[in-house]
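Welcome! Take a moment to look at the sequence and the model first.

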Amino acid sequence: MAKTDDLDLRILGELATDASISVPKLSKKINVNASVVYSRIKRLIKRGLIKKFTIVVNDEALGFNVKALTGINMDSRMRDNVLNELFQIPEVREIAEVTGRFDILVTMTAQSLDEMHHLISEKVGRVQGVQKTETFIEMRKTARELIYPTSVVK
């Protein structure tokens, strides 16, 4: 496996901050020739360090003002059914199988607390195999930009 050097990490950091930046702008920002930046990005993609380029949608601007994380305990024999049915619910954004007191954590969005209540009690709670839920409503979120330390070597 090829080493990840400081330049690769700088490129990854800049792209993680703004995946829409053009190669010429990125090359000027990090003071590296555009052809080198372009070839490095292609290599990072080929190595699987960049999975895809995407956008971050402003859920609040679309009216999705309530975000919740729901811990679910399920009948392990019904795992496939639970996962499949949860992904049929449009408000479900992400499902993570975890260790600890829950079997899975589900991230969901809704336009209001009433809608979230309906979602959890009428949709999630009725999925065959779901035994117990505990929901955490996000009050405020503080996130940090992805910073890749130059000491990371793979």
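Predicted model: local features only at pLDDT ≥ 70, side-chain atom pairs only at ≥ 80, totals over all residues.

Two helix pairs are described, H1 with H2 and H2 with H3, along with an open sheet of four strands.

**Helices H1 and H2**

- Helix H1 covers residues 6–17 and helix H2 covers residues 23–30; the two pack at an angle of about 125 degrees, with 11 Å between their axes.
- The crossing of H1 and H2 is right-handed.
- On the H1 side, the contact is made by Leu-7, Arg-10, Ile-11, Glu-14 and Leu-15, while H2 brings Leu-26, Lys-29 and Ile-30.
- Sorted by class, this contact of H1 with H2 holds five nonpolar and three charged residues, and no polar ones.

**Helices H2 and H3**

- H2 also packs with helix H3 (residues 34–46), here at an angle of about 110 degrees and with the axes 8 Å apart.
- H2 and H3 are therefore roughly perpendicular to each other, a label given to angles from 65 to 115 degrees.
- From H2, the residues that make the contact are Val-23, Leu-26, Ser-27 and Ile-30, and from H3 they are Ala-34, Val-37, Tyr-38 and Ile-41.
- In this contact of H2 with H3, seven residues are nonpolar and one is polar, with no charged residue.

**The four-stranded sheet**

- The open sheet has four strands in the order E2-E3-E1-E4, and their pairing is antiparallel.
- Strand E2 (92–97) and strand E4 (130–137) are the edge strands, each pairing on one side only.
- On average, and ignoring direction, neighbouring strands of this sheet are turned by 20 degrees against each other.
- Strand E1 (residues 66–74) runs antiparallel to E4, and seven bridges join the two.
- Thr-70 has Thr-135 in E4 as its bridge partner.

**Helices across the sheet**

- Helix H4 (residues 79–87) lies across E1, E2, strand E3 (104–110) and E4, and runs at about 160 degrees to E2.
- Helix H5 (residues 113–123) lies across E1, E3 and E4, running at about 140 degrees to E3.

How values were computed:
Residues numbered from 1 in each chain as written. Heavy atoms only, no water. Axes fitted to C-alpha atoms, helices over the stretch in contact; angles between N-to-C directions. Left-handed = near helix turned anticlockwise from the far one by under 90°. Contact = heavy atoms within 4.5 Å. Nonpolar A, V, L, I, M, F, W, Y, C, P; charged D, E, K, R; others polar. Pairing = 2+ DSSP bridges. Parallel < 35°, antiparallel > 145°, perpendicular 65-115°, else oblique.
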